[in-house]
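Open the model in your viewer and keep the selection tool at hand. This tour goes from stop to stop, saying what to select and what is there.

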Amino acid sequence: MQVYLDNNATTMLDPKALEAMMPYLSELYGNPNSLHKFGTKTHPGIRRAIDQVYAGIGATDNDDIVFTSCATEANNWVLKSVWADLMQHGDKNHIVTTEVEHPSILATCHYLEEQCGVKVTYLPVNEEGVVEAHTVKSFITDRTALVSIMWANNETGMIFPIKEISDICKEKGVLFHTDAVQAVGKIPVNVKEFDIAFMSFSAHKFHGPKGVGALYIKNSRKLTPLLHGGDQMGGRRSGTLNVAGIVGMGEALEIATTNIEEKMASIAKIRNRIEDELLKLEDVFVVGNRANRTPNTILISVRGVEGEGMLWDLNNALIGASTGSACASESLEGNTVMLAIGADNELAHTGMRLSLSRFTTEEEADYVIEAFKKGVARLRQISSSYAKVQPTAGGEVRECELHHH
Amino acid sequence: MAKNDILGESLWDAYSNKVTTLMNNPQHQGEITQEEAEGHGNKLIVADFGAESCGDAVRLYWEIDPKDDRIVNSKFKSFGCGTAIASSDVMTELCIGKTVQEAVKITNIDVEFALRDTPDVAAVPPQKMHCSVMAYDVIKKAAGLYLGVDEASFEEEIIVCECARVSLNTLKEVIRINDLTTVEQITDYTKAGGFCKSCIKPGGHEDREYYLVDILADTRKEIDQEKMAKAADAGQKGDFNTMTLVQKIKAIDAVVDENIRQFLVMDGGDMEVIDVKSSDENIDVYIRYLGACNGCSSSSTGTLYAIEAALKEKLSNKIRVLPI
Ligand SMILES: Cc1ncc(COP(=O)(O)O)c(C=O)c1O
């Protein structure tokens with residue numbers, strides 16, 4: 001058996017989405033902006049996709065949803081163009097975001113700080129991994145142009161208080177952007193209920209194709225384009241439309257959001273079973289309250305078992321999971337979210353993320369539970385953290401004293 | 001970046017088969033107890049290096065025959081990724097049968113080498129080289145404990161690049177001898193900075209005490225200062241050709257003061273040195289006449305000749321004086 005438990009990284013393309021895309025990858029190859037039949041024949045499919053995406057997030061006809069190449073593009077667009085529109089020549093100079101955003105937000109903020117002199121506040125999260133609305137409020141000043149806070153976190157699955165934050169932004173008259181990549185298609189997202197100026201999301205996180213994302217723009221608000229060029233999508237985002245991608249995104253979002261509560265319940269059921277079983281191990285903990293977490297995610301820390309080592313054992317069992325910790329990533333820093341929630345530094349290197357999807361089965365769950373326990377047992381047996389014979393006097397290490405760390 | 005970096009390598013695919021095999025099945029994982037060692041009439045040494053909070057930690061066990069300081073058995077425990085476990089395993093293997101004094105000589109390069117499938121293909125990708133360095137460090141620590149000396153005494157030198165084990169002295173020497181000016185050159189000459197890259201500049205994945213950029217800047221500064229000091233000495237010895245520009249101008253001014261200026265001032269004029277340009281054949285001294293000399297007919301003939309003759313005689317016969 002092989003089991004894919006890295007659905008927060010990307011998901012399998014839903015076979016129905018693939019089916020909807022196929023004609024646009026073969027006979028319906030016209031450019032939608034052409035006048036001839038070859039071009040216009042693509043219109044019904046794109047129109048349907050637009051309807052599906054508007055319905056999927058509850059957008060109204062006055063709003064824009066502009067298709068992009070990915071959520072990274074949408075995030076860059078909002079940050080850089082709010083700078084161009086309100087900060088470059090205007091009297092605003094400040095962005096509020098969090099420490100635990102995706103790199104497409106954090107790296108763009110660093111860029112704006114270094115190159116454009118923008119001030120950025122990176123809000124901390126609490127021990128649950130959630131940013132508290134009142135901290136957002138206390139950091140907004142009259143020079144704040146934008147608050148950018150994710151809807152749900154990719155590492156922990158924790159859901160942020162978007163309602164309160166959007167209310168605060170409305171009250172303060174500040175634009176609010178949310179990176180909803182980990183929320184859309186996983187939990188109900190209805191932009192009508194909130195005062196959200198901009199929202200980014202990405203098809204490949206909800207069983208749509210890779211290479212297509214979107215930016216929701218409330219009331220068609222002005223936002224300088226990121227990609228200048230032809231007048232596709234009303235000139236808001238140039239570049240020949242990714243027709244098959246857009247069609248696949250629409251189909252995938254419709255499937256994901258239909259009866260979403262039922263889907264959530266069945267994913268949560270399997271997720272909870274895995275989580276309950278793994279919590280029976282000694283010296284483990286899971287980050288964040290389940291009730292406030294996307295139904296597919298577990299971020300578990302296993303004492304004495306280094307994340308990449310565990311990933312290795314799971315991979316040997318043909319299970320794909322993930323860790324943001326030490327050895328696995330380029331940087332030897334611990335898992336940044338783990339560090340941000342104030343977990344012991346030790347635990348920052350022991351995080352394992354299991355992220356399920358609606359395609360994850362009960363049998364797969366059983367298999368994963370067993371393989372996980374086996375891996376933990378093997379690696380704890382090797383682990384110095386569980387060694388019994390103590391170092392010779394003088395041979396101990398207290399804290400991280402490595403001269404090369 | 002280039003073609004090979006567009007997709008980037010898969011970390012685990014870059015491991016040698018030995019690394020994979022030993023991670024899956026370490027041979028020397030385990031502990032040696034006090035009773036066990038004493039039962040054989042041997043001494044037990046247990047040393048830790050690293051910590052969970054660093055992302056990797058290793059505990060090394062040595063059972064040593066006190067008669068000849070020979071390590072008769074060795075085991076390890078490790079908190080770390082696959083390469084950390086494989087490196088620890090090979091390290092224990094390399095220790096067994098050696099005396100403590102011999103074991104201290106095992107370097108991370110030996111450990112990494114022992115993990116290779118073929119001699120010329122690295123066992124782990126650059127960012128994993130630090131795992132083998134842990135092995136090196138914990139051996140030093142264990143030996144220090146056994147011999148009752150500070151582990152630092154085994155380090156003859158300050159190691160700047162742990163991966164390639166290049167010392168501060170080596171780096172300085174190579175920069176000087178080859179007159180290196182870039183970090184890339186240093187890496188080409190010494191391999192320092194070619195692996196995990198942490199030692200190149202701050203902000204890599206490990207904090208270091210010394211960085212190549214600083215060593216290069218400092219050494220370059222030293223080289224320049226020495227050059228300057230040399231030039232200054234030369235100037236004092238009156239060797240005009242090797243003087244610095246400022247020294248040359250000062251020397252010219254001194255000659256002008258001593259031999260020329262009084263005559264110019266007598267006529268209600270003066271001159272100043274504007275610039276000095278040296279080529280292989282000539283040293284061109286650009287001057288400007290001031291006051292009455294400016295426009296005086298002899299300033300381009302007799303006076304000019306007098307100035308040039310004085311400078312040629314006192315300083316260098318390569319000098320040409322050019323009024324502007
Ligand atoms: C929270 C979050 N934001 C943004 C992204 C980037 O999405 P994309 O791959 O579409 O650029 C991801 C995906 O990794 C994500 O998890």
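Select A:Asp195 and A:Lys170. These two residues form a salt bridge, and their closest N and O atoms are 3.5 Å apart. Keep in mind that this is a predicted model. Now color the surroundings of the pair. A:Asp195 sits in the loop between strand 6 (175–179) and strand 7 (198–202) of chain A, while A:Lys170 belongs to helix 7 (residues 162–172) of chain A, so the pair ties together parts that are 25 residues apart in sequence. How many salt bridges are there over all chains? The count comes to 36.

**Next stop: the ligand**

Show the ligand and the residues around it. The surrounding shell holds 14 residues. Among the closest are A:Gln182 and A:Lys205.

- Pick the side chain of A:Thr72: one of its N or O atoms is 2.5 Å from an oxygen atom of the ligand.
- Move to the side chain of A:Asp179: here an N or O atom is 2.6 Å from a nitrogen atom of the ligand.
- Go on to the side chain of A:Ser202: an N or O atom there is 2.6 Å from an oxygen atom of the ligand.

How much of the ligand does the protein bury? Alone, the ligand exposes 390 Å², and the protein buries 88% of that.

Color the shell by class. You will find four nonpolar, eight polar and two charged residues. Then select helix 4 (residues 71–87) of chain A. This helix gives the most to the shell, with three residues.

**Last stop: where the chains meet**

Show chain A and chain B together. The contact takes 46 residues from chain A and 49 residues from chain B. Between them the chains bury about 4000 Å², with 58% of it on carbon and sulfur atoms. Select B:Trp12, B:Glu52 and B:Ser53. They supply 18% of the area that chain B buries against chain A, more than any other three residues.

Now look for the charged pair. The count between the two chains is one salt bridge. B:Lys128 forms a salt bridge with A:Glu308, with the closest N and O atoms 2.6 Å apart. Polar contacts between chain B and chain A come to 17 residue pairs.

Which elements of chain B touch chain A with two or more residues? Select helix 2 (17–24), strand 1 (43–51), strand 2 (56–65), strand 3 (70–79) and helix 7 (129–147) of chain B. Strand 1 of chain B gives the largest share of this side, eight residues. Finish by coloring the side of chain B that touches chain A by class: 23 residues are nonpolar, 13 polar and 13 charged.

Definitions and conventions: Residues numbered from 1 in each chain as written. Chains lettered and ligands numbered in written order. Predicted model: local features only at pLDDT ≥ 70, side-chain atom pairs only at ≥ 80, totals over all residues. Heavy atoms only, no water. Near = heavy atom within 4 Å. Polar contact = N/O pair within 3.5 Å; in protein donor to acceptor, adjacent residues only side chain to side chain. Areas by Shrake-Rupley, 256 points an atom, 1.4 Å probe, with all protein chains shown as cover. Helix = DSSP H or I, 4+ residues; strand = E, 2+ residues; numbered from the N terminus. Nonpolar A, V, L, I, M, F, W, Y, C, P; charged D, E, K, R; others polar. Contact = heavy atoms within 4.5 Å. Buried area = accessible area lost by both parts, 1.4 Å probe. Salt bridge = Lys/Arg side-chain N within 4 Å of Asp/Glu carboxyl O.
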